[in-house]
Amino acid sequence: MLLEVQGINTYYGLSHILFDVSIQVDRGEVVVLLGRNGAGKTTTMRSIMGLTPPKTGKVIFDGKDVTGVAPYKVARIGIGFVPEDRRIFPDLTVRANLDVGLRKTKGKTSWTIDRIYQLFPRLKELANRRGGNLSGGEQQMLTIARTLMGSPDLILLDEPSEGLAPIIVKALGEFIDLLKREGTTVLLSEQNVKFSLKHSDRAYIVDNGHIKYQGTIEELEKDEDVKKRYLAV
Ligand SMILES: Nc1ncnc2c1ncn2[C@@H]1O[C@H](COP(=O)(O)OP(=O)(O)OP(=O)(O)O)[C@@H](O)[C@H]1O
Ligand SMILES: [Mg+2]
């Protein structure tokens with residue numbers, strides 16, 4: 001297993017948010033964490049990154065215990081996080097935004113600016129434009145591209161399709177397929193069920209801070225009961 005989240009309990013102050021959440025992601029998989037608004041998707045990702053460390057339970061990455069390790073160190077160890085609010089630097093150019101993300105690694109996946117431009121030709125065209133002048137979809141691509149510049153072994157994408165036009169969501173999906181082919185492991189959080197089922201290998205459903213379901217996409221697609229109860233489809 002590349003990532004093992006083992007029974008974590010996470011709090012914001014006194015509010016208990018995650019209850020014994022366990023998630024496993026194998027190398028090369030695309031795994032989706034599905035759940036409604038406020039279910040605990042972002043908190044799970046923040047717990048993995050050490051932004052909101054769990055009070056109990058463990059986060060094991062590539063055999064190392066990273067529970068409570070500082071976020072910048074978790075990033076250095078090889079987990080890239082693309083938060084739901086696309087935090088680009090609006091006053092820097094697209095190229096400068098990408099350079100900020102650069103991290104030299106000895107790992108398997110090493111990204112260069114040329115490879116990024118191959119994958120995102122649009123970002124090459126926009127290289128000298130201010131980040132703040134990009135459209136929402138372009139900013140999402142820039143945030144993902146910048147995280148890839150850190151050559152993560154695992155990338156966490158928090159609701160990447162949110163607020164994007166259908167044609168951009170389609171491009172994003174194709175991009176996730178491509179990441180998988182390139183050997184990057186992906187943990188995705190989504191409310192967009194159709195999109196998730198199309199681009200993932202396995203799914204977890206989180207509801208009220210509890211994992212209520214886990215299975216392959218094939219199994220989930222057949223489970224009308226679970227889909228109706230938790231996914232409103
Ligand atoms: N900083 C915070 N302080 C207190 N409670 C919080 C904080 N952030 C989130 N919560 C609460 O934690 C719960 C889980 O929130 P979380 O953001 O993880 O959900 P989510 O599944 O990512 O939802 P969304 O789809 O809206 O992004 C919610 O009840 C939310 O109100
Ligand atoms: Mg969220």
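**Exercise 1.** Find which residue in strand 8 stands opposite Leu33.

*Solution.* Step 1: Leu33 faces Ser189 of strand 8. Strands here are DSSP runs of E with at least two residues, helices are runs of H or I with at least four, and both are numbered from the N terminus. Step 2: strand 3 (residues 30-34) and strand 8 (residues 185-190) run parallel and are joined by five bridges. Two strands pair if DSSP finds at least two bridges between them.

Before going on, note that this is a predicted model, in which local features need pLDDT of at least 70 and side-chain atom pairs count only at pLDDT 80 or more, while totals for chains, interfaces and linings use all residues. Residues are numbered from 1 along each chain as its sequence is written, and chains are lettered from A and ligands numbered from 1 in the order in which they are written.

**Exercise 2.** Work out the strand order of the open sheet, and say which strands stand at its edges.

*Solution.* Step 1: the order of the six strands is 6-7-8-3-9-10, with mixed pairing. Step 2: the edges are strand 6 (79-82) and strand 10 (210-216); each has a single partner strand, so one side of each lacks a neighbour in the sheet. Step 3: from one strand to the next, the twist averages 15°.

**Exercise 3.** Decide whether Leu164 is buried or exposed.

*Solution.* Step 1: locate Leu164 in the loop between strand 7 (154-158) and helix 7 (166-181). Step 2: recall that a residue is buried if 20 or more other C-beta atoms lie within 10 Å of its own, exposed if 12 or fewer, and partly exposed in between, with C-beta atoms placed from the backbone. Step 3: Leu164 is buried because it has 21 C-beta neighbours inside 10 Å. Step 4: list its contacts (C-beta atoms within 7 Å). Leaving aside neighbours within four places in sequence, these are Gly136, Gly137, Gln140, Val169 and Leu172.

**Exercise 4.** Find how many residues surround ligand 1, and which element gives the most to this shell.

*Solution.* Step 1: the shell holds 14 residues, each with its C-beta atom, placed from the backbone, within 6 Å of the ligand. Step 2: the closest are Tyr12, Gly38, Lys41, Thr42 and Thr43. Step 3: strand 2 (15-25) and helix 1 (41-49) are the elements that give two or more residues. Step 4: helix 1 gives the most, with three residues.

Note on methods:
Contact = placed C-beta atoms within 7 Å. Axes fitted to C-alpha atoms, helices over the stretch in contact; angles between N-to-C directions.
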